[in-house]
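Me: Hi! I'd like to go through a structure with you. Can you help me see how the inside is put together?

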Amino acid sequence: MGKDVIIACDFSSAEKTFEFLDKFTGKKPFVKIGMELYYAEGPAIVKEIKARGHKIFLDLKLHDIPNTVKKSMAVLSNLGVDICNLHAGGTIRMMEAALEGLTRPDGSRPLLIAVTQLTSTDQESMENDLLIKAPIDEVVMHYAENAKKAGLDGVVCSPLEAGKVHDRCGNEFITVTPGVRFADGDIGDQKRVMTPEQAKLIGSDYIVVGRPITAAEDPVAAYERCVREFVD
Ligand code: C5P
């Protein structure tokens, strides 16, 4: 599994996104496109970024009945993205259907990873709002195991959980971890963070980095620093 830094392109328009990507002359970083940009610009933004030669993690977190997810995943797969995701809470059957939809006629498909419990959900809201009474760490690991049973490639998780996910699901099961900050950087609204170097030590396969790169004075230098600390 190739370790890589994925830049979260949390921009509101294609114009702002390309203004940012144009700074990377000669380099083609792996980028994450989330709901904001996708809903603003539609599939065209995915095709354009792909045509420029970037790998793409399309972070749309699907969660619906298996048939709808299967058909929607087929559409996303045709866009040529490299990683897609969904909510493991949609059940094993939904995850299996998603994999079927993603698989292209030639047998290839994007990687498929699951969101377990969102990091914005805590023990209290999970118990009171969702009526899930187990400890949240257990729920996260159980959902990761469900994703593995369904045949998925990995999960999105906190870098603090990456080691445990590998212990439970194996080292081949990939961990994609946001919540990364430089040791001397701003934490912002993230609560539990790790440096790229720590994320590497704990075994994250991909780190997703947004503002430490997108809001940096020199985004290219910040990206290169991430790569140096995490990959090299
Ligand atoms: O700017 P920052 O580095 O905090 O961006 C992190 C990215 O990862 C954002 O796109 C955010 O939505 C995403 N993310 C996260 N925590 C999760 C799942 C996704 O921060 N648990």
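**Rings and core**

Reply: Happy to! Ring pairs join Phe 11, Phe 20, Phe 24 and Tyr 223 into a cluster. Keep in mind that this is a predicted model.

Me: How many aromatic pairs does the structure hold?

Reply: Five. One of them is Phe 24 with Tyr 223, edge-to-face at 5.6 Å centre to centre, with 85° between the planes.

Me: And where in the chain do those two sit?

Reply: Phe 24 is in the loop between α1 and β2, while Tyr 223 is in helix α11, so the pair links distant parts of the chain, 199 residues apart.

Me: Are Phe 24 and Tyr 223 buried or exposed?

Reply: Both are buried.

Me: Switching to helix α1: which of its residues are buried?

Reply: In α1 (residues 14–21), those are Ala 14, Thr 17, Phe 18, Phe 20 and Leu 21. Seen down the helix axis, they fall within an arc of 155°, so they line one face.

Me: What's on the face turned away from that?

Reply: That face of α1 carries the exposed residues Glu 15 and Glu 19.

Me: And what covers the buried residues of α1?

Reply: The cover includes β1 (4–8), β2 (30–33), α2 (35–41) and α11 (219–230), among others.

Me: Now the largest nonpolar core. Which members touch the most others?

Reply: Met 73, Leu 86 and Ile 213, out of 63 residues. Helix α7 (residues 136–150) gives the most to this core, with eight residues. There is also a second, separate core of 12 residues, including Ile 6 and Phe 30.

Note on methods. Residues numbered from 1 in each chain as written. Predicted model: local features only at pLDDT ≥ 70, side-chain atom pairs only at ≥ 80, totals over all residues. Heavy atoms only, no water. Core = buried A, V, L, I, M, F, W, Y, C linked by side-chain atoms within 4.5 Å. Buried < 20%, exposed > 50% of the residue type's maximum accessible area, 1.4 Å probe, protein only. Helix = DSSP H or I, 4+ residues; strand = E, 2+ residues; numbered from the N terminus. Arc of directions from axis to C-beta. Contact = heavy atoms within 4.5 Å. Phe/Tyr/Trp six-rings, centres within 6.5 Å; stacked < 30°, edge-to-face > 60°.
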